[in-house]
Amino acid sequence: MEPKKRIFSGIQPTGTLTLGNYIGALRNFKLLEDEYDCVYSIVDMHALTVRQNPTALRKACLTVMSLYLAVGLDPDKSLIYFQSHVPQHAELSWVLSCYTYMGELNRMTQFKDKSARNADNINAGLYTYPVLMAADILLYKADLVPIGADQKQHLELSRDVAERFNKVYGDVFVVPDAYIPKVGGRVMSLQEPTRKMSKSDPEDTYIAMLDEPSAIRKKLRRAVTDSENAIRFAPENKPGVSNLMSILSTLRGITLDEVASLYDGKGYGVFKDAVADAVIETLAPIQERFRRFNSDKAYLEEVMTHSARRAEAIAAKTMAKVRRKVGLAATRL
Ligand code: AMP
Ligand code: TRP
């Protein structure tokens, strides 16, 4: 039997996760779990690129881990661990930074956006963030990386760095492919539907995975639409309605055409309530499992240590090869 192909992905433990994180990434982590050998990280070192309150960060790490488990990821099948527990991420990141051009990093739109938003803290980590992400992926020789559309540029950089390295040293890394959902790869803000839904924007623009049903319904009822009163997928002209259609389509497993034929002519109120029902029905069981996992610190610790050990075994192998290839002396330490 062919060995399974490998997946790597990660989410930053900052604040709470949104419906965008769920539809763009987490949901697919679960859907792909049986078909692939999966490594899912809580990328805590990436979170340090913006100032964090240490206590809040530690808590957010456990929250994200509990959400991984709550969406149904099975720690007997998938590795679920903190990036900072496997030191090879930082180690490979340094090596890869010597194979990444400043010109490439200068082009990263996320860096440009984040430095505009954090003008008082444009640190080197924010700049080399995509190199650490490349190290995450390449360490595990991942074939596939489930991500939202906003991470596509970073993934392409990972591919370029892998190819560049392989050209010099032979086939060390696997060149990874992105897995971006066709519908829902970019869930938009409820208030400004031409912007990505983001947890760094005001509360009423996003749905948090842990929002109460009443808050979810309220936010969706207030979501910006248009005055045409037609349910038709047209992201350019009708970004608000199209965004809600995408959400409903993914969560209910129906096509955009089916959404249109089910709801067109019924009015936006009915449509928004249908979206709210779908979101609430999806998130309620996740929230319930979340509460159970999040209050069981011993279990979380067991999963994270067990997974980190197994992750480190894979990472150490890749790192030993990288050391040998680039000419760093072998170590028995
Ligand atoms: P982050 O919260 O930035 O660490 O993102 C974690 C994952 O969620 C990445 O794969 C992102 O691409 C994805 N993601 C974040 N926001 C959205 C969104 N609004 N729509 C779709 N995917 C998203
Ligand atoms: N940069 C990603 C984000 O903000 C998170 C991330 C870090 C990641 N390392 C990764 C995603 C490796 C996929 C693979 O969304």
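In the predicted model, the side chain of tyrosine 129 places an N or O atom 2.7 Å from a nitrogen atom of ligand 2. A polar contact here is a pair of N or O atoms within 3.5 Å; within protein, one must be able to donate a hydrogen and the other to accept it, and residues adjacent in sequence count only if both atoms are side-chain atoms. For glutamine 151, an N or O atom of the side chain lies 3.0 Å from a nitrogen atom of ligand 2. The side chain of glutamine 12 has an N or O atom 3.1 Å from an oxygen atom of ligand 2. Ligand 2 is surrounded by 13 residues (a heavy atom within 4 Å), and the closest are Gln12, Tyr129, Met133, Asp136 and Gln151.

Residues are numbered from 1 along each chain as its sequence is written, and chains are lettered from A and ligands numbered from 1 in the order in which they are written. Local features need pLDDT of at least 70 and side-chain atom pairs count only at pLDDT 80 or more, whereas totals for chains, interfaces and linings use all residues; side-chain values use heavy atoms, with hydrogens and water left out.

The chain is assigned domain 1 (6-179 + 297-326) and domain 2 (203-292), with bounds from an automatic or database domain assignment. Taken over C-alpha atoms, the centres of domain 1 and domain 2 are 29 Å apart. Contact (heavy atoms within 4.5 Å) involves 13 residues of domain 1 and 13 residues of domain 2. About 1,300 Å² is buried between domain 1 and domain 2, with 78% given by carbon and sulfur atoms; buried area is the accessible area (1.4 Å probe) that two parts lose on being put together, summed over both. Within domain 1, the most area is lost to domain 2 by Leu19, Tyr22 and Ala70, together 40% of what that side buries.

Between domain 1 and domain 2 there are four residue pairs in polar contact (both at pLDDT 80 or more). Helices α1 (19-31) and α3 (54-70) each supply at least two residues of the side of domain 1 that touches domain 2, and α1 gives the most, with five residues. Helices are DSSP runs (H or I, at least four residues), numbered from the N terminus.

The whole structure contains 19 salt bridges. One of these joins the side chains of arginine 164 and glutamate 104 (2.7 Å, N to O). Arginine 164 belongs to helix α8 (residues 152-169) and glutamate 104 to helix α5 (residues 102-106), so the pair ties together parts that are 60 residues apart in sequence.

Notes: Salt bridge = Lys/Arg side-chain N within 4 Å of Asp/Glu carboxyl O.
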